[in-house]
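Okay, everyone, let's get going.

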Amino acid sequence: MKRLFYIALFAFVVFLFAWYALLDNRPVAYGIRIPKGYVVHGVDLSRWQGKVNWQVLEKMRSGEDSIRITFAFIKATEGRSLTDSEFENNWREAAKTSIIRGAYHYFIPSRDAGEQADNFIKNVKLSKGDLPPVLDVEKIGKKSATELRKNIKIWLKAVEKHYGIKPIIYTYIDFYEKYLRDGGLDEYPLWIAHYHRKSLNV
């Protein structure tokens, strides 16, 4: 149950508002407004949100607050060969809006890290203004923590070399504390999934 408290704010927003973008122009979704108290707001999108109406998403405002979505992280790839079925469309349509786009890869511990990096590189063409690549790591599989960190580094180094920018590591707090902390990954930006927390001691 504890993990539920660390679900990404971004996942929270997408659950509430990605579906909203497909429906109509209401200022709220499922009776909940975009969260206040944050400088920027974004969404996390994949095939699970279906066909996203990017023009509606771009114009969406949170009622009187006029809070809007300014960025979107889009699932691009998973494992060695899978490409999200909506990635090409989402990536193309996002570029037609003012929403800043970014792409992420879902890491499969049992698959070759170099081939996973190749899968991402093959499918994601970054342009000026795009956000850095993100590596989504949420499972350890049958690997040891040491093996997992070694493979994560392989992916990060390959992607950094190709794009010339350090990727972001995305994970949740319990996973970070148990498997990634003190693992030689501090040079990479860390995106901690959290839910209803203003600060994290990481």
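So, this is a predicted model, and I'd like to begin with D130 and R101, whose side chains form a salt bridge at 2.9 Å, N to O. These two sit 29 residues apart and link distant parts of the chain: R101 is in strand β4, while D130 is in the loop between α4 and β5. Buried or exposed, D130 and R101? Both are buried.

Now compare K157 and E187, another salt bridge, at 3.6 Å from N to O. Here too distant parts of the chain are linked, with K157 in helix α5 and E187 in the loop between α6 and β7, 30 residues apart. K157 is partly exposed at 43% relative accessible area, and E187 is partly exposed as well, at 41%. Through shared partners, K157, E160, K166 and E187 end up in one salt-bridge network. The total count of salt bridges is ten.

Okay, on to α6, residues 173-180. Which residues are buried there? I173, F175, Y176, Y179 and L180. They lie on the same side of α6, because they cover an arc of only 160 degrees around the axis. Among the elements covering them are α5, β6 and β7.

Note on methods
Residues numbered from 1 in each chain as written. Predicted model: local features only at pLDDT ≥ 70, side-chain atom pairs only at ≥ 80, totals over all residues. Heavy atoms only, no water. Buried < 20%, exposed > 50% of the residue type's maximum accessible area, 1.4 Å probe, protein only. Helix = DSSP H or I, 4+ residues; strand = E, 2+ residues; numbered from the N terminus. Arc of directions from axis to C-beta. Contact = heavy atoms within 4.5 Å. Salt bridge = Lys/Arg side-chain N within 4 Å of Asp/Glu carboxyl O.
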